[in-house]
Amino acid sequence: MPRQMNLGAFLMATGHHVAAWRHPAVPADPLDFATYKRTAHIAEAACFDALFVADSVAAPSDPLASHSARSVYFEPLTLLSALSAVTERIGLIATATTSYNEPYHVARKFASLDHLSAGRAGWNMVTSDAAAEAGNFGRQAHIPHGERYARAGEFQQVVQGLWDSWADDAFVRDKASGLFHDPQAVRAIDHVGEHFRVKGPLNVARSPQGRPVLVQAGSSETGRELAAQSAEVVFTAQPSLARAQAFYADLKGRLARHGRDEQSLKIMPGVFVVVGQSQAQAEDKYEQFQALVDPRVGVGLLGRMLGNFDLSGYPLDGPLPDLPPTEDGQRSRQQLLTELAGNDQLTLAQMGRRIAGGRGHYSLVGTPVQIADELQAWFEGSAADGFNVLVPHLPLGLEDFARYVVPELQQRGLFRRQYQGHTLREHLGLQRPANPYFAERDQP
């Protein structure tokens, strides 16, 4: 088949726009499961590859948190486990941090989700960029950037080893003989490293996909190298076609030295989309959300995304102050936003409004044809293998994309009209990994 793009649906409570909860068409309760269920059905009917849920393990602590719907939200694995019971084909990708979890917990939960969903689970491995999380886990300060990534690399190795604890055919379940599993088909990983000591084995059988799909979202130098070593999908924020092409070429170019081919990694930039039947209608929809942005909330979001900086003491009509490289947050996002503020000469208030929807991701406000044109240009221009779709409000923003943009992509032969497989790996065109510890059992 001709190459087709992959699409993920980003499920952020009430929508990706910081003021979405204030819009009259948006259910304001971020713990309303019915809204998530409806959104999942919209995405699955449109044949999206996956639903994606981000996460933070801390409530926002800034003074304006009371003006944001980001104070409470579902724990992602719990939410996706519930959604697995009301969907059949769409993938389920959840974020879990390596900074404030243990490998055994993460391995067990995602293997369980893969079984519950019959092979649709994916783990978005992050190192945490919210400094407030540290205080919930017995630490006075956030783990420094370099140490977080060193821990993440070892964490991922342990999780993968645990996922391979059992051979695929380990469980014979022979009632006549009384043998439940083959004792030669299980292994303890006995891992001893700088950050972790884990004996194993995992008390969940090898999952339907062999391993859940491994997703990564870091775009810094350290993050790129970690992705080249082990990630199967990369989510990234890229502000322009040229920047996206450079990122794509750089990351794909790193794979060979890790013994990987280019098809083993899918790069899916985020894209913030507002759809209208005309350009004027799309802009009007967008401005309805922009008008609801409290400037102080926008600047609070900006400080958080720049790397957990408090910008409340600076004038709203002044420029972005010079800030040191973040030790807590995402360095790649800090660089992106700093360049945006400087290049466009934006004040703090203007920057807060600029990122209120897309948060630094590429933004498209236009007609279905215009949006499809841009996505096609990125896809065919070696800038993306697909996209993580961000919409201002849920579920209606995703419904607009599914109703108007997806058919345009299908008409051009760029996106599927029906699912060809059942697992997330099959949707993404990724191979099911063999178990390296029981390779002899897989021989014919």
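Rings of Phe, Tyr and Trp, the last taken by its six-membered ring, are paired here if their centres lie within 6.5 Å. All panels show a predicted model.

**Figure 1. Aromatic cluster of Phe110, Trp123, Phe155, Trp163 and Phe196.** These five residues form one aromatic cluster. By the pairing rule above, the count comes to 14 aromatic pairs.

**Figure 2. The aromatic pair Tyr36 and Phe74.** The two rings are arranged edge-to-face, 5.8 Å centre to centre and with 70° between the planes. Tyr36 belongs to helix α1 (residues 33-45), while Phe74 is in the loop between β2 (50-53) and α2 (76-84). The pair thus links distant parts of the chain, 38 residues apart. Tyr36 has a relative accessible area of 8% and is therefore buried, the limit for that class being under 20%. Phe74, at 25% relative accessibility, counts as partly exposed.

**Figure 3. Arginine side chains over aromatic rings.** The charged end of Arg3 sits over the ring of Phe379, 3.8 Å from the ring centre. In a second case, the charged end of Arg187 sits over the ring of Tyr437, at 3.5 Å from its centre.

**Figure 4. Helix α6 and its buried face.** Helix α6 covers residues 241-254. At 1.5 Å a residue its 14 residues should span 20 Å, and the end C-alpha atoms are 20 Å apart, which agrees. The buried residues of α6 are Ala244, Phe247, Tyr248, Leu251, Lys252 and Arg254. Seen down the axis of α6, they fall within an arc of 155°, so they line one face of the helix. An α-helix has 3.6 residues a turn, so residues three or four places apart point the same way. On the other side of α6, Ala242 and Ala249 are exposed.

**Figure 5. Elements covering the buried residues of α6.** The cover includes two helices, α5 (221-230) and α11 (368-380). It also includes the strands β10 (233-236) and β11 (266-275).

Figure 6. His17 lies in the loop between β1 (6-10) and α1. Its relative accessible area is 0%, so His17 is buried. Asp114 is 97 residues from His17 along the chain, and the C-alpha atoms of the two are separated by 30 Å.

How values were computed
Residues numbered from 1 in each chain as written. Predicted model: local features only at pLDDT ≥ 70, side-chain atom pairs only at ≥ 80, totals over all residues. Heavy atoms only, no water. Helix = DSSP H or I, 4+ residues; strand = E, 2+ residues; numbered from the N terminus. Expected span 1.5 Å × (residues − 1). Buried < 20%, exposed > 50% of the residue type's maximum accessible area, 1.4 Å probe, protein only. Arc of directions from axis to C-beta. Contact = heavy atoms within 4.5 Å. Phe/Tyr/Trp six-rings, centres within 6.5 Å; stacked < 30°, edge-to-face > 60°. Lys NZ or Arg CZ within 6 Å of the ring centre and 35° of its normal.
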